[in-house]
There are 2 protein chains.
Amino acid sequence: MTPPALLPSWHPGRTRDAVVAFLAAAEALPVEARVAAFDNDGTLWCEKPTYVQFDFFEDTLRRRAESNPALLERPELAAVLNLDMAAIGELGMERVALALVELFAGIEPEVFTAAARDFMARVRHRTLGVPAPGTRYQPMLELLDELRRRDFTIYLVSGGGTEFLRAVSADLYGVPPECVVGTQVRYELIRRPDGRPVLLRTGGVIGGANEGEAKVTNIQSQLGRRPILAAGNSAGDREMLEWALAGDRPGLALLLHHDDREREFAYESVSGTLKEQEPITSVADRLGWTVISMARDWSRVFPA
Amino acid sequence: MTPPALLPSWHPGRTRDAVVAFLAAAEALPVEARVAAFDNDGTLWCEKPTYVQFDFFEDTLRRRAESNPALLERPELAAVLNLDMAAIGELGMERVALALVELFAGIEPEVFTAAARDFMARVRHRTLGVPAPGTRYQPMLELLDELRRRDFTIYLVSGGGTEFLRAVSADLYGVPPECVVGTQVRYELIRRPDGRPVLLRTGGVIGGANEGEAKVTNIQSQLGRRPILAAGNSAGDREMLEWALAGDRPGLALLLHHDDREREFAYESVSGTLKEQEPITSVADRLGWTVISMARDWSRVFPA
């Protein structure tokens, strides 16, 4: 029996060739330079119709609202519980996210981690019907493995809350908590009456959402190295991908294009201001990124 | 020939027994819980008469001032170049540190890293006369090795600037950049006229000095796990040590007491407010920490 080929769920072609060529070239670099940064939602697993982390907050809110219906007087929370995406859009995702963060204010990080893991163990995808880990992209898991085999350090760089992803990153992707950066909740250290220090989540965040330029500054501030491979799927990943290509080393910028309505979803993110918009795949072509067409480049989307 | 004993540079006795017992107990814990946090200056290597990072800034300043003497019109910088510790104390270390951070405003992180490594390759300790890596504490290097042998993740949690320590942490301690947290410089992403993004250091810091409570909140925010072992040597490490002991797991809080004027230096940090002060070794006794007496517990201080 022949050993399994490199990246078996990737169809032969230009995209796979570019990835394989990058893997080969990286072996000539010092190990210190072998850093790869991956967006999570929509890049490593499915983000439609809702983010898994959104589902976690919604689930928490639903339980809390049973004993405390007054929670739903806040329009942000009512919109979430009703899955009213139009209302969420009008209120703004940032404002809604902050209201959700407040649900966990005053608890210890270990309690949050346990809640996130409990949720992950029981949630099923809204439309695909499989447990959430079943919506990871098999070709991306294969790529993570090949990178690790070549002594890469993998960073997860998410627009979602850092702590949710950290709670599940080792199980989902083999990535330890210190290699995860996302939107950061603020902590405070208080003292119990007996003097024992207790670290608590607050309802605030540090420095805004981890999107766009913030992905670059946070990778440097919190993780410390410029990636030579960056992978994303949306306008919020643009700066990170550009930065990975702008270094002295040979780099790879991977954009996952969701063009597979049959096996997953078909949608595209738009970059730019309201006045000057550009589909992210057009940005990719202009800047020399490697676009992964889910429909054409992947023989399998999800794990068996 | 018998294999080398565990921790060969630690004298037999209560301190070594406590460390050995902790190492044994940790093997029963899940790997995820095996996290150890070490302060750097004065805990892993010598911090007297001046911090190595201070020496780096002083060295940079001396070179810059040759071509730009106007720099020394700033009292903070003049005090550094004159090694005028009284003036530095009067101005306040934080204000002086900020003036030094500004020396590197506008440069790319890779340039800063290269400068830090260049300095480390040539600096000799002011009084001990050895290269800076020769002032690491041999017994602590042995402890780091034993922890790693037991699948611990090592965090470096320094009051100094993050990026200087990250530049040298792999060589000095085998710790990768993403496991280092210190005082953080702020970055900004700008665009060159050709559109290429460039990440630059600014002259500002994020969230103040990484001391005291900040060590705890930054460990959680940036690294993501509570340590079960914390080691420090000063009042700025107090909260981190208390937090390590306050978890559900068996923990170890190590305080290095500098009581060895002959082989290193003799000094002690004081905790508390100006009105209510308490030597850190007294805090340690009260809170059940393990105090390492450099004079009594270590058979060797520096690497051969």
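**Helix crossing and chain contact in a predicted model**

Modeller: In this predicted model, helices H9(A) and H10(A) cross with right-handed geometry.

Colleague: What residues make the contact of H9(A) with H10(A)?

Modeller: From H9(A) come A:Glu213, A:Lys215 and A:Val216, and from H10(A) come A:Glu239, A:Met240 and A:Trp243. Sorted by class, that contact has three nonpolar, three charged and no polar residues.

Colleague: What makes the relation of chain A to chain B that of a two-fold axis?

Modeller: Chain A superposes on chain B by a rotation of 180 degrees, with 0.0 Å of shift along the axis and an RMSD of 0.0 Å. That is why the relation is that of a two-fold axis.

Colleague: How do you know that the same surface serves both copies?

Modeller: Of the contact residues of chain A, 97% recur in chain B. Each chain puts 29 residues into the contact.

Colleague: Which elements of chain A supply the side that touches chain B?

Modeller: Strand S3 (180-191), strand S4 (197-206), H9 and H10 each supply at least two residues. H9(A) gives the most, with seven residues. By class, this side of chain A has 14 nonpolar, seven polar and eight charged residues.

Key:
Residues are numbered from 1 along each chain as its sequence is written. Chains are lettered from A and ligands numbered from 1 in the order in which they are written. This is a predicted model: local features need pLDDT of at least 70, side-chain atom pairs count only at pLDDT 80 or more; totals for chains, interfaces and linings use all residues. A crossing is left-handed if the near helix is turned anticlockwise from the far one by less than a right angle, and right-handed if clockwise. Helices (H or I, at least four residues) and strands (E, at least two) are DSSP runs, numbered from the N terminus. Two residues are in contact if their C-beta atoms, placed from the backbone, lie within 7 Å. Ala, Val, Leu, Ile, Met, Phe, Trp, Tyr, Cys and Pro count as nonpolar, Asp, Glu, Lys and Arg as charged, and the others, Gly among them, as polar. Copies are superposed by least squares on the C-alpha atoms of residues with pLDDT of at least 70 in both.
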